[in-house]
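Look at the sequence and the model side by side. The report below walks through some of its parts.

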Amino acid sequence: MARILVVDDDQAMLQLIRRVLEKDRHLVKLVFDANTVPDMDFSKYDLILLDIMMPGLDGFELCRRIRSRADCPIIFLTAKTQENDIVRGLGLGADDYMSKSFGTAELRARVNAHLRRDTREKKNAFTVSGIVFQLNAKEAEAQGKKLLFTKSEYEICEYLALHHGQTFTREQIYEAVFGFDGESDSSVISTHIKNIRGKLAACNMAPIETVWGVGYKWV
């Protein structure tokens with residue numbers, strides 16, 4: 001399941017895309033007015049589908065404005081199939097394009113392929129399990145409120161959240177967060193996890209799961 005933003009001035013196209021992508025249990029946000037998009041929080045989305053030919057703010061200009069703040073794949077939806085238009089779009093930072101004559105199976109396959117392949121380094125922010133991680137500020141927030149993590153607690157959460165679904169031993173987490181020259185040992189991870197869970201429980205959240213005999217994972 002992924003969070004997908006779709007921007008198009010064609011209401012029928014928006015509804016079609018929503019129906020298709022919801023078959024794969026994706027959460028789809030539809031935007032009809034492109035002018036509202038630049039002020040959005042792109043850390044909430046795993047992929048963006050962007051129409052090119054829109055009144056006012058077209059897809060090319062919109063992509064140029066948001067690319068530096070959107071760490072996810074951007075796919076253009078276009079009636080333009082001339083090579084120079086395609087080259088221009090990719091040059092602005094788009095990852096792919098699809099002709100608007102696409103079939104529903106192609107749309108699902110192309111979207112899911114990009115979601116699987118997206119391994120780019122997250123530079124701005126990302127959201128997992130309802131928690132927003134601001135990578136530059138090294139802060140996390142949930143339900144609109146800053147989580148009062150210590151530096152080490154934040155680093156542990158960021159590491160597990162970036163690799164959500166994967167299980168790590170205490171030793172792996174310690175090495176990733178504190179490095180080989182850390183002044184403590186991996187047993188401290190258990191204490192940090194306990195403190196993190198207490199702070200998240202105050203928000204009715206429990207994203208860190210213990211995998212008995214192995215370690216921890218963010219679910």
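## A buried aspartate in a loop

Asp71 sits in the loop between H2 and strand E4 (74–78). Helices (H or I, at least four residues) and strands (E, at least two) are DSSP runs, numbered from the N terminus. Asp71 counts as buried because its relative accessibility is 11%. The cut-offs are these: buried means under 20% relative accessible area, exposed over 50%, and partly exposed in between (1.4 Å probe, protein chains only).

What does the side chain of Asp71 reach? It reaches the backbone nitrogen of Asn124, at 3.0 Å. This is judged as a polar contact: a pair of N or O atoms within 3.5 Å, where, within protein, one must be able to donate a hydrogen and the other to accept it, and residues adjacent in sequence count only if both atoms are side-chain atoms.

Asp118 lies in the loop between H4 and E6. Leaving aside neighbours within four places in sequence, Asp118 is in contact with Asp71, Cys72 and Pro73. Contact means heavy atoms within 4.5 Å. Asp118 and Glu155 are 37 residues apart along the chain, and their C-alpha atoms are separated by 22 Å.

## About the model

This is a predicted model: local features need pLDDT of at least 70, side-chain atom pairs count only at pLDDT 80 or more, and totals for chains, interfaces and linings use all residues. Residues are numbered from 1 along each chain as its sequence is written, and side-chain values use heavy atoms, with hydrogens and water left out.

The protein has seven helices and twelve strands. Its C-alpha atoms fill a box of roughly 60 × 30 × 30 Å, taken along the principal axes. Of its 219 residues, 42% count as buried. Take the contacts between residues at least 6 apart in sequence: 57% of them join residues at least 24 apart.

## Helix H2

H2 covers residues 59–66. Its residues Gly59, Phe60, Leu62, Cys63 and Ile66 are buried. They cover an arc of only 165° around the axis, so they lie on the same side of H2. The arc is that of the directions from the helix axis to the C-beta atoms.

Which residue caps the N-terminal end of H2? Asp58 does, with a side-chain oxygen 3.2 Å from the backbone nitrogen of Phe60.

Val37 lies in the loop between strand E2 (27–31) and strand E3 (47–51). Its relative accessible area is 1%, so Val37 is buried. Not counting residues up to four places away in sequence, Val37 touches Val7, Val31, Phe42 and Leu62. Val37 and Ala94 are 57 residues apart in sequence and 16 Å apart in space, C-alpha to C-alpha.

Thr78 is part of strand E4. It counts as buried, at 2% relative accessibility. Beyond neighbours within four places in sequence, Thr78 is in contact with Ile52, Tyr97, Met98, Ser99 and Lys100. Val132 belongs to strand E7 (residues 131–134). Val132 is buried too, with a relative accessible area of 10%. Residues up to four places away in sequence aside, Val132 touches Ser43, Phe126, Thr127, Glu139, Ala140 and Glu141.

## Two positive phi angles

Most residues other than glycine have a negative phi. Lys138 has a positive phi, near 55°. It is found in the loop between E7 and strand E8 (139–142). Lys138 counts as partly exposed, at 38% relative accessibility.

Phi of Gln143 is also positive, near 55°. Gln143 is found in the loop between E8 and strand E9 (145–146). Is Gln143 buried or exposed? At 57% relative accessibility, Gln143 counts as exposed.

## The largest pocket

The largest pocket has a volume of about 790 Å³. It is lined by 32 residues, of which Arg3, Asp46, Lys122, Val128 and His164 lie nearest its centre. On a 1 Å grid over the protein atoms alone, a pocket is an open set of points where a 1.4 Å probe fits, with protein on both sides within 12 Å along at least five of seven lines; lining residues have an atom within 4 Å of a point. Grid points are joined across faces, edges and corners, and the volume is the space filled by probe spheres set on the points.

Helix H4 (104–117), strand E6 (125–128) and helix H5 (151–162) each supply at least two lining residues. E6 gives the most, with four.
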